[in-house]
Structures are given as C-alpha cells and as structure tokens.
Amino acid sequence: MLAMALVLLASTAAYAQEASSAHHCFQNASYWARVFEQPERAKWQKPDEVVQALGLKPGETVIDIGAGTGYFTRRFARAVAPNGRAIGVDIEPGMVAYMKADAKKLKVANYQAHLAQPDDPQVAPREADVIFFCDVLHHVDNRVAYLRKLTSALKPDGRIAVVDFQKTAPLGPPTAEKISQDEMIAEFKRAGYRLVGKHTFLPYQYFLEFAPESPSAQNKNGRGATEHGPSD
Ligand SMILES: C[S@@+](CC[C@H](N)C(=O)[O-])C[C@H]1O[C@@H](n2cnc3c(N)ncnc32)[C@H](O)[C@@H]1O
C-alpha cells in the first residue's frame, strides 16, 4: 500500500514538473508521451470515466483539441465506433505524427489526427458533436475570440467539454497559469456559451460542458445545466 502511494506521488510530481509552463514547447513527442501516458495518470485522470460521462453515441464526431499523444482521442474513437470519428488536433507536428502512428499500431481506423494553427484548430463547419479540451486552454492566447470561432464548428446539438486543473491542484501548470473554474465559465459566457453540465468526480480538475447560447445551436432536448458527482 505504502509502495503504491509512493509510486503515485513520484509520478504525479513528475507530471506537475513536466507540464508547468503556459507556452511550453511540446516538440518532443516521445518525451512527452512518457509524461502523458504514464499509467499512474489514470488514477486521477480517470479517462474512461471521463469518456463515459460524455455519453457519446456511435456515429458521433469528437474533436480533441490539443490532443497531445492521443490519450483521450483513442478512447473517443472506440466510444463512437464504428461509424463515428475521433480527431486529435495539435499544433505540434510531432504530436500529430505520434497520434497517426498510434492509430495505425492500434488498428483503429476512425482515430485520426491533424495539424492546426495556435489560433485556428481548422475544424470544418458543423463537423463536431463534441469538442474536447484537456489541459489545453491555458496554452491558448485570446481565448474568448478562439472559443467564439469554434461555435461554427459545432453541429446544432454540439457541445464543448473542458477538463482543466483547479487552482488548488498539486499538479499541472503553476498556480498563476491555471484558469479557475469560475474564470473558465466566465470566458465561455463572454464567448457566447452557457454551462450545460458539470462533473465533479475528478480530484484535481474541473470538468464542464458548454453549449452555444444561440437558439439555433441549442440542444433540441432542452439540455439544462446538470451536475454529476462521484456516485453518478
Ligand atoms: C498539456 S498537453 C495535453 C495533452 C492532452 N490533451 C492530454 O490530456 O494528454 C497540451 C497540448 O496542447 C497542445 N497545444 C498547445 N496550444 C495549442 C493550440 N493553440 N491549439 C491546439 N493545441 C495546442 C500542445 O502542443 C500539447 O500537445
């Protein structure tokens, strides 16, 4: 038990150290893969629970922006198979190449990847059922303008899901670079979105879902803000 706790402590400390700059250079994909893909991450990142909480359906399209090594992308691909697509988007060519090789190695045909620009994820209009960001938005400049542009990439019932570190988390970027949950919600509101979901089962991160405020893009089912705790 003690040994397990020490391993967890060492690896989470490494994650904190490695992911600690707002404009970090993520050029060396194999180096970052050792950080992002470390098995201990699953203990606090709970990736399968995150995917399950999104309630994805087969046939949907998920765009994972700032996907890195495809930690979530490959899981999204399985959740929307066989006809849906999961597309990992990153600004680092090394990360995109890593994801393409990963998809080939795993033989997951609906797991794709493409290169983007820092101010433009290059998503086609009405392409996405879900746009997902995990530990990315603090790297994005002019966030409100960036998020506003994403509205057109969503299908009419589309949503944006955000997982990011709480200010008080012992992991992730330095406190000054973290975006608090309240700041994140305020920025999405300024960009024309409303909060439609809040999941509270992650120990170090908040997990929020947003939909465009505009009636034409609102969820036809009248999705209201819902909160899901650890027991959901
Ligand atoms: C901390 S990593 C998170 C990787 C992945 N989401 C995960 O949870 O394992 C941040 C990633 O965002 C990418 N990134 C940074 N700024 C970006 C931007 N403006 N657009 C798209 N990706 C970006 C980086 O290259 C890096 O791969």
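The following legends describe close-up views of a predicted model.

Residues are numbered from 1 along each chain as its sequence is written. In this predicted model, local features require pLDDT of at least 70 and side-chain atom pairs count only at pLDDT 80 or more, whereas totals for chains, interfaces and linings use all residues.

**View 1. Overview of the protein chain.** The protein chain contains 8 helices and 8 strands; helices (H or I, at least four residues) and strands (E, at least two) are DSSP runs, numbered from the N terminus. Of its 232 residues, 36% are buried. A residue is buried if 20 or more other C-beta atoms lie within 10 Å of its own, exposed if 12 or fewer, and partly exposed in between, with C-beta atoms placed from the backbone. Of the contacts between residues at least 6 apart in sequence, 71% join residues at least 24 apart; two residues are in contact if their C-beta atoms, placed from the backbone, lie within 7 Å.

**View 2. Surroundings of the ligand.** The ligand is surrounded by 22 residues, of which the closest are Phe26, Gly66, Gly68, Cys134 and His139. A residue is near a molecule or strand if its C-beta atom, placed from the backbone, lies within 6 Å of it. By class, this shell comprises 16 nonpolar, 3 polar and 3 charged residues. Ala, Val, Leu, Ile, Met, Phe, Trp, Tyr, Cys and Pro count as nonpolar, Asp, Glu, Lys and Arg as charged, and the others, Gly among them, as polar.

**View 3. Packing of helix 7 against helix 8.** Helix 7 (residues 143-150) and helix 8 (residues 181-190) pack at an angle of about 55°, and their axes are 8 Å apart. Helix 7 is therefore oblique to helix 8. Axes are lines fitted to C-alpha atoms, for helices over the stretch in contact, and angles run from 0 to 180 degrees between N-to-C directions; those under 35 degrees count as roughly parallel, over 145 as roughly antiparallel, 65 to 115 as roughly perpendicular and the rest as oblique. Arg143, Val144 and Leu147 of helix 7 make the contact with Glu187, Phe188 and Arg190 of helix 8. By class, this contact has 3 nonpolar, no polar and 3 charged residues.

**View 4. Phenylalanine 210 in strand 7.** Phenylalanine 210 belongs to strand 7 (residues 205-212) and counts as buried because it has 25 C-beta neighbours inside 10 Å. Leaving aside neighbours within four places in sequence, phenylalanine 210 is in contact with Arg159, Ile160, Phe188, Tyr193, Arg194, Leu195 and Val196. One of these, Phe188, is also among the residues of helix 8 that make the contact with helix 7.

View 5. Alanine 81 and proline 82 are joined by a cis peptide bond, with omega about 5°; proline 82 lies in the loop between helix 5 (73-80) and strand 2 (85-90). Arginine 126, although not a glycine, has a positive phi of about 55° and is found in the loop between strand 3 (111-115) and strand 4 (128-134). With 14 C-beta neighbours inside 10 Å, arginine 126 counts as partly exposed. Asparagine 142, in the loop between strand 4 and helix 7, likewise is not a glycine and has a positive phi of about 45°. Asparagine 142 counts as exposed, because it has 11 C-beta neighbours inside 10 Å.
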